[in-house]
Amino acid sequence: MHPPRCPMHEMSVALEICRITEARVGRDSLPRVREVGVIVGRQSGLEPDNLLFCLDALLGRPPFAGARTELEVVAGDELSVSYLEVDDGDPPH
Amino acid sequence: MAIRRIEVRERVMERNDTIAGEVRLRLGEHGVPALNLVSSPGSGKTLLLERTLQDLGRELRMAVVTGDVQTQNDADRIARWTDDLVQAVVTGGACHLDALQVSNALEALDLDATDLLFIENVGNLVCPASWDLGEAAKVVLFSVTEGEDKPLKYPKMFREASYAVLTKVDLLPHVPFDLEQAVAYARAINPALTFFRVSSIDGTGLDAWYGFLRELHQSGGSMRWERPTGQGVGAAVDARAGYA
């Protein structure tokens, strides 16, 4: 078992996932993102562990304040951002 | 804390595929077929393009977009053989070309004065398979020095490709390469794959390749090069030089 790495292919996909996330946050004026749900097909040509490693590196920095990635590995070649989990903060007292 | 979940359901390739669709439309409006050449590094993409421009350059106006991680050496090599524009895309580390890079490269091309567009992708049999560039077809090259089982090792690329070019066939007497086995492996992955076998050094098989390019140009990119039916690989090779 090799330790996870961050090859260029997974990194380019991770960057696109971050772009989609940022675009959605901007479009809908979303608050802080806690979690990004990603669906990865086993035939998508990506190594899930490596993709997770790249996403953790990118989502741990601004403009993402330590968002987590939830990776769902499925059959087929799907590759999509399924959901964002956001934190609206404490309600005003 | 008030946590809520927002449904996104967006394909990661969505944006690239949208731009690729725009590129395809634009090329179609100008009747310019584009071939996306993909292979591992060193399979002979650049040399095949050099030879093609040298031999067919007076007949067809061919533009080339090259992609490399670093340097524009390939573009410089190709530009020696054509007065038409050669656009170099240096990806700066990325392992593939994407549709936006091709779209930007098209800005510099006069598509009304172009008969064929070649896109020489970054040498890599993995990543370029996932990125649609708006091409009419992917052409996968693999050389006889690489091993017959390349299609089994990189099935996605061979599934995505419409054409396969076996290169460096002048080396066949010197390397233990089973041509029929290679073709069989590739067709097991993609039965519709059409093969060319060429040597850009001694010219073997280039007539068939050039015939294909002429027909592709005449069809404006809509053609499908049909291989003869009812013939085995060996027979087809004998019947049509350079064609497996």
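**Lead: a core residue and its setting**

Apart from its neighbours within four places in sequence, Val165(B) is in contact with Leu48(B), Val139(B), Leu141(B), Phe196(B) and Val198(B), two residues being in contact if their C-beta atoms, placed from the backbone, lie within 7 Å. This is a predicted model, in which local features need pLDDT of at least 70 and side-chain atom pairs count only at pLDDT 80 or more, while totals for chains, interfaces and linings use all residues. Residues are numbered from 1 along each chain as its sequence is written, and chains are lettered from A and ligands numbered from 1 in the order in which they are written.

**Nonpolar cores**

- Val165(B) is, with Val102(B), Phe118(B), Ile119(B) and Val140(B), among the residues that touch the most other members of the largest nonpolar core, which has 64 residues; such a core is a set of buried Ala, Val, Leu, Ile, Met, Phe, Trp, Tyr and Cys residues joined through C-beta atoms within 7 Å.
- Helix 8 (residues 206-219) of chain B supplies the largest share of this core, 5 residues.
- A second, separate core has 24 residues, including Ala14(A), Ile39(A), Val40(A) and Leu79(A).

**Chain A**

- Chain A has 2 helices and 3 strands, in the order α-β-α-β-β along the sequence; helices (H or I, at least four residues) and strands (E, at least two) are DSSP runs numbered from the N terminus.
- Of the 93 residues in chain A, 35% are buried, a residue being buried if 20 or more other C-beta atoms, placed from the backbone, lie within 10 Å of its own.
- The buried residues of helix 1 of chain A, among them Ala14(A) and Ile17(A), pack against strand 1 (32-41), helix 2 (48-59) and strand 3 of chain A together with strand 1 of chain B.

**Contact between chains A and B**

- The contact takes 24 residues from chain A and 21 residues from chain B.
- Strand 3 of chain A gives the most to the side of chain A that touches chain B, with 9 residues.
- Strand 3 of chain A runs antiparallel to strand 1 (residues 3-11) of chain B, and 7 bridges join them; strands pair if DSSP finds at least two bridges between them.
- Val81(A) has Glu10(B) as its bridge partner in strand 1 of chain B.

Terms used. Buried ≥ 20, exposed ≤ 12 C-beta atoms within 10 Å, placed from the backbone.
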